[in-house]
Amino acid sequence: MTNHAGSDRAEIAARLAVAVGRLNRRIRPAGDLTPGQVSALSIIVRQGPIRPGDIARAERVAAPTITRLLTELENRALITRSADPDDGRSFFVTATEAGEVAIALARQQRAERVLQLFDELDTDQIERLTDAIDALELVADSTTAD
């Protein structure tokens with residue numbers, strides 16, 4: 001791995017942050033779910049049954065935000081709640097079949113949009129992206145980054 005001076009690393013970080021934000025907006029799936037709802041539902045599909053507090057920590061948002069999102073998802077029949085047998089004040093949420101389908105569709109739409117963006121790149125650029133995916137996945141899954 002190339003060793004970059006601190007300012008080079010800072011510049012790379014700033015450019016990556018801007019690019020990721022722009023890409024995220026370009027590939028956002030069409031539909032009636034907000035990005036926050038898609039993100040929370042994705043966590044529920046991947047990790048459920050899960051407590052709301054665990055979703056809030058994963059999403060790095062306050063409990064009232066998750067409560068609101070869960071209410072909206074439940075109203076759309078995308079999740080169900082079940083009592084926590086160890087804590088009567090808490091509950092678990094699980095994705096319904098409709099919730100799992102909604103996430104699968106959102107992921108498919110995002111992948112299709114990314115594939116369309118690849119048409120703007122040459123073979124060398126695609127190869128460099130391929131090389132970067134492992135590092136990006138590593139930091140995306142990190143629990144220590146804010």
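Below are questions and answers on a predicted model.

Me: How are residues numbered, and which pLDDT cut-offs apply?
Reply: Residues count from 1 along each chain as its sequence is written, and side-chain values use heavy atoms, with hydrogens and water left out. In this predicted model, totals for chains, interfaces and linings use all residues, while local features need pLDDT of at least 70 and side-chain atom pairs count only at pLDDT 80 or more.

Me: What percentage of the 146 residues is buried?
Reply: Buried means under 20% relative accessible area, exposed means over 50%, and partly exposed lies in between (1.4 Å probe, protein chains only). The C-alpha trace spans about 55 × 35 × 20 Å along its principal axes. Of the 146 residues, the buried share is 22%.

Me: What share of the accessible surface belongs to carbon and sulfur atoms?
Reply: Areas come from the Shrake-Rupley method with a 1.4 Å probe; for residues, only the protein chains shown count as cover. The total is about 10,300 Å². Carbon and sulfur atoms hold 54%.

Me: Among contacts between residues at least 6 apart in sequence, what share joins residues at least 24 apart?
Reply: A contact means heavy atoms within 4.5 Å. The count takes pairs at least 6 apart in sequence. Those at least 24 apart make up 55%.

Me: How far apart are the centres of the positive and negative sets?
Reply: Lys and Arg count as positive, Asp and Glu as negative; His and the chain ends are not counted. Each charge is placed at NZ of Lys, CZ of Arg, CG of Asp or CD of Glu. There are 18 positive and 23 negative side chains. Their centres lie apart by 6 Å.

Me: Which element gives the most residues to the nonpolar patch?
Reply: Patch residues have over 30% relative accessible area and no salt bridge; nonpolar side chains (Val, Leu, Ile, Met, Phe, Trp, Tyr) are joined within 5 Å, like charges within 9 Å. L16, V20, L136, L138 and V139 make a nonpolar patch of about 450 Å². The elements giving two or more residues are α1 (6-27) and α6 (123-140). With three residues, the top contributor is α6.

Me: Is V20 buried or partly exposed?
Reply: V20 sits in helix α1. Its relative accessibility is 46%, so V20 counts as partly exposed.

Me: Where does E127 of the negative patch lie?
Reply: The surface patch of negative charge gathers D122, E127, D131, D134, E137 and D141. E127 has a relative accessible area of 46%, so it is partly exposed. Its place is helix α6.

Me: How many residues apart in sequence are the parts tied by R26 and E120?
Reply: Side chains of opposite charge can pair when their charged atoms come close. A salt bridge needs a side-chain nitrogen of Lys or Arg within 4 Å of a carboxyl oxygen of Asp or Glu. R26 and E120 form one, with closest N and O atoms 2.9 Å apart. R26 is in helix α1 and E120 in the loop between α5 (97-118) and α6, so the separation of the parts tied together is 94 residues.

Methods: Helices (H or I, at least four residues) and strands (E, at least two) are DSSP runs, numbered from the N terminus.
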